[in-house]
Amino acid sequence: MALSGKKKRIGELLVESGLMTREDFETILSEQKNSNKKLGELVVDKGICSEYDIAAALSSQLGMPCIDLKAATIEPAAVSIISEKLAHKHQIVPIQVRGRDLHVAMADPFSHDALEDVQFATGYRIQPYISTHSDIVWAIDQHYQVDATSVDSLVSDIVPEEVEVLEEDLENQPELGDLKKQSEAAPIIRMVNLIITRAVEEKASDIHIEPKKNKLLVRNRVDGALRVDLELPSSVIGAIVSRLKIMSSMDIAERRVPQDGRIAVKLGSKTLDLRVSTLPTTFGEKVVIRILDSEGSLIGLEKLGLDGETRRKFVGLISKPQGIVLVTGPTGSGKTTTLYTALSHIADVEKNVSTIEDPIEYELAGINQVGVDEKAGRTFESVLRSLLRQDPDVIMVGEMRDVTTATIAMQASLTGHLVFSTIHTNNTVATITRLRDLGVPSYLISSTIIGIIAQRLVRVICPFCKEEYQPTEDSLRGLALTAQQVKDHKFLRGKGCGKCGDTGYKGRAGIYEMLVLSQKIKEAIAGGASEGKLRQLAVAEGMQTLPNAGVARLMQGVTTVEEVLRAIQTDEDFGSLCPACNAILGSDFIACPECGKKLIETCPSCSKTLDAGWKHCPYCAETLPDVDQAPKARDPKVIPMGKDKIA
């Protein structure tokens, strides 16, 4: 690229841009005669303007693009074309290769000697960009420290298992040749294979490849928490990202917008589906890879972690001929695994089981799966309408996102279909409020939903470094443990070892809150009962809450106090006051632990829920005492929040 028009000095352009006066220009010229520095360096030293001001002015005056080298992706293939000696000599940094064009950044765009020298040495047409002198020096130091040979040395001692890409579509990739060569260099392929195999060996759910200022950080999400796995030199960012983009059929020339792709790989005897997402950040493109293992998702009903009564209720719900079963919880709480396990349990040759998912995470044998594609017009709503004409017995809708989808699903359940779906709420009863907020009428909720399952995943104590410890009083009080439980139980935690990555945890287990809608609760929902009232009714009928399920796992020695508190911290289970003695109550309490006042009336004989004013229990014919009689005081059995001491 040649500069057109009459050649001007940089000082003249700065004067024309208003960044420097004519007097300052003449003064700088005089000083330059006795200095080895360039005019631009003297201007910065004098504080007349900054490097970035000069670069912006030159870009505007010359119509030449300006580039931020600390944010740009520098391709190793381009760096390999120009020697470090030549880069230092002319203060240039190679950026990328496009066909026969070599894009370079330079601080002095008027240096025709530099352009001609580089063009002669490389044989490429030179496309110049403007950058600052300090950024040029920084980039040379960063990108000439590590080359392909040193990258090879990083993986030379580790032989990763061969990763075979089953679907690698290289069509429609603009100017792919040079970038493909760069990303398919043997060390880069081995490095990407190493990243994937290490994550799979650790049973990670996600891989985070994050460009930082001076390095590339690789973190794996294991058991729900991110762990640092590798730290690589920043010079490999471009090559690794390009390799992953080619594998997932993305546009490797597009770095300005987020992209999504998919890779089907075979690792040994295991076939994995990798969902790849890129996002432009300050120091380059961040890549997140979701690892989907279809074999690992089907864990079997016995491994879900349901206790005896909860499992009985669960099997009863999924065996119903019609109705809606909702699974709720935050992202990463295992909702998809629960639903897939349920579908696999009930699927047989006599049933037409279909799913609508965005995206299809795991392939299930014997089940019809449809992926949502908004661009193609395949929305949850449209596919669900079409699916109802396919004679289904069981339908799984990935998520109830809006009132239209929810209403269609409920209409499907009314016409004899069993429907599974997910929704994002904190607990089972909050799901009723969420559906009301979406615009679903209470009568439709009560007549279609048969059960709601709220779940969380808690990390399991590492069996290799398990030790006894004493939790803090605040944490024990937060779980409302009884004094006897605190006294008798031996609390355990993981000390941290090589087997668990020094985290103290290895694996995860589920805790569940299962609400089966009885006729009493359905009537309350249809009557517009509040969330608090519905929760009290459910607990009175025997529902185990998430906090109680977490405490049960704690008492079994499966997890720690801190982990239970972390898993249920979104649930506001404490805070209301007893109307008789002002003690702090949990939202699932049916009686005050301090004074014994009943918060919801139950039969003393059969424990069924009663309505105010009843003189006899309609379930067991027991004559009821006067419900207005003041309760007798009793010794506190539960550690209430707000107390300073544990009894």
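Predicted model: local features only at pLDDT ≥ 70, side-chain atom pairs only at ≥ 80, totals over all residues.
Biologist: Why is A412 called buried?

Modeller: Buried means under 20% relative accessible area, with exposed over 50% and partly exposed in between, for a 1.4 Å probe and protein chains only; A412 has 1% and is therefore buried. A412 lies in helix α17, and the buried residues of that helix also include T405, I408 and M410.

Biologist: Which residues does A412 touch, not counting residues up to four places away in sequence?

Modeller: Taking contact as heavy atoms within 4.5 Å, A412 touches L388, H417 and V419. A412 and I395 are 17 residues apart in sequence, and their C-alpha atoms are 9.0 Å apart in space.

Biologist: What makes α17 a helix, and how does its reach compare with the expected span?

Modeller: Helices are DSSP runs of H or I of at least four residues, strands are runs of E of at least two, and both are numbered from the N terminus; α17, residues 403–414, has 12 residues. The expected span is 1.5 Å times one less than the number of residues, and α17 reaches 16 Å from its first C-alpha to its last, close to the 16 Å expected. At the start of α17, a side-chain oxygen of D402 comes within 3.2 Å of the backbone nitrogen of T404, while G416, which follows the helix, has a positive phi near 100°.

Biologist: How do you know that β11 and β16 pair, and in which sense?

Modeller: Two strands pair if DSSP finds at least two bridges between them; β11 (residues 323–328) and β16 (residues 449–461) have 5 bridges and run in the parallel sense. L326 stands opposite I452 in β16.

Biologist: What makes β13 and β19 edge strands?

Modeller: The 7 strands form an open sheet of mixed pairing, in the order β13-β12-β14-β15-β11-β16-β19, and β13 (368–371) and β19 (505–516) each pair on one side only.

Biologist: Which strands make the hairpin at D223?

Modeller: The hairpin is that of β6 and β7, with 2 residues between the strands, where D223 takes a positive phi near 55°. These strands run antiparallel and are joined by 8 bridges, with P233 in β7 as the bridge partner of K215.

How values were computed:
Residues numbered from 1 in each chain as written. Heavy atoms only, no water. Polar contact = N/O pair within 3.5 Å; in protein donor to acceptor, adjacent residues only side chain to side chain.
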